[in-house]
Amino acid sequence: MSNPTTFERLREIIAHYSDARPSEIMETDKIKTRFYDFLDFIEATLTAEDVFGVFMWSDELEECETVSDLVRLIDSKLSEAKEEEGAI
């Protein structure tokens, strides 16, 4: 079995903090409408940072409108981390 994609892992996190099942979460979904309130959104992003081992600035998160925007942000952070590892 292959490793889960960023999207697959992220939608599990989003589902945990929302009223949706993972299968109901699509990449085109508006992120902030998936949560009961802003606190749930913050908790989900903190969990995503822990799971993926990245740090996301609040202004970066504010620019993410859809789930796919957040996936791209996480993937770019993971790429940056890999590049930094290679530079050492």
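Threonine 6 is found in helix H1; helices here are DSSP runs of H or I with at least four residues, strands are runs of E with at least two, and both are numbered from the N terminus. The model is a predicted one, in which local features need pLDDT of at least 70, side-chain atom pairs count only at pLDDT 80 or more, and totals for chains, interfaces and linings use all residues. Residues are numbered from 1 along each chain as its sequence is written, and side-chain values use heavy atoms, with hydrogens and water left out.

Let us stay with threonine 6 for a moment. At 12% relative accessibility, threonine 6 counts as buried (buried is under 20% relative accessible area, exposed is over 50%, and partly exposed is in between, with a 1.4 Å probe and protein chains only). Its side chain makes a polar contact with the side chain of aspartate 75 at 2.5 Å. Such a contact is a pair of N or O atoms within 3.5 Å; within protein, one must be able to donate a hydrogen and the other to accept it, and residues adjacent in sequence count only if both atoms are side-chain atoms. Not counting residues up to four places away in sequence, threonine 6 touches Phe52, Val71, Ile74, Asp75 and Leu78, where contact means heavy atoms within 4.5 Å.

Now to the charged pairs. The structure holds five salt bridges, each a side-chain nitrogen of Lys or Arg within 4 Å of a carboxyl oxygen of Asp or Glu.

Lysine 30 is partly exposed, at 45% relative accessible area.

What does the pair of lysine 77 and glutamate 60 tie together? Lysine 77 lies in helix H4 and glutamate 60 in helix H3, so the pair joins parts that are 17 residues apart in sequence. Lysine 77 is buried at 11%, whereas glutamate 60 is partly exposed at 21%. Aspartate 69 and arginine 72 both lie in helix H4, three residues apart, about one turn of the helix.

Finally, proline 22 is in the loop between H1 and H2 and is partly exposed at 23% relative accessibility.
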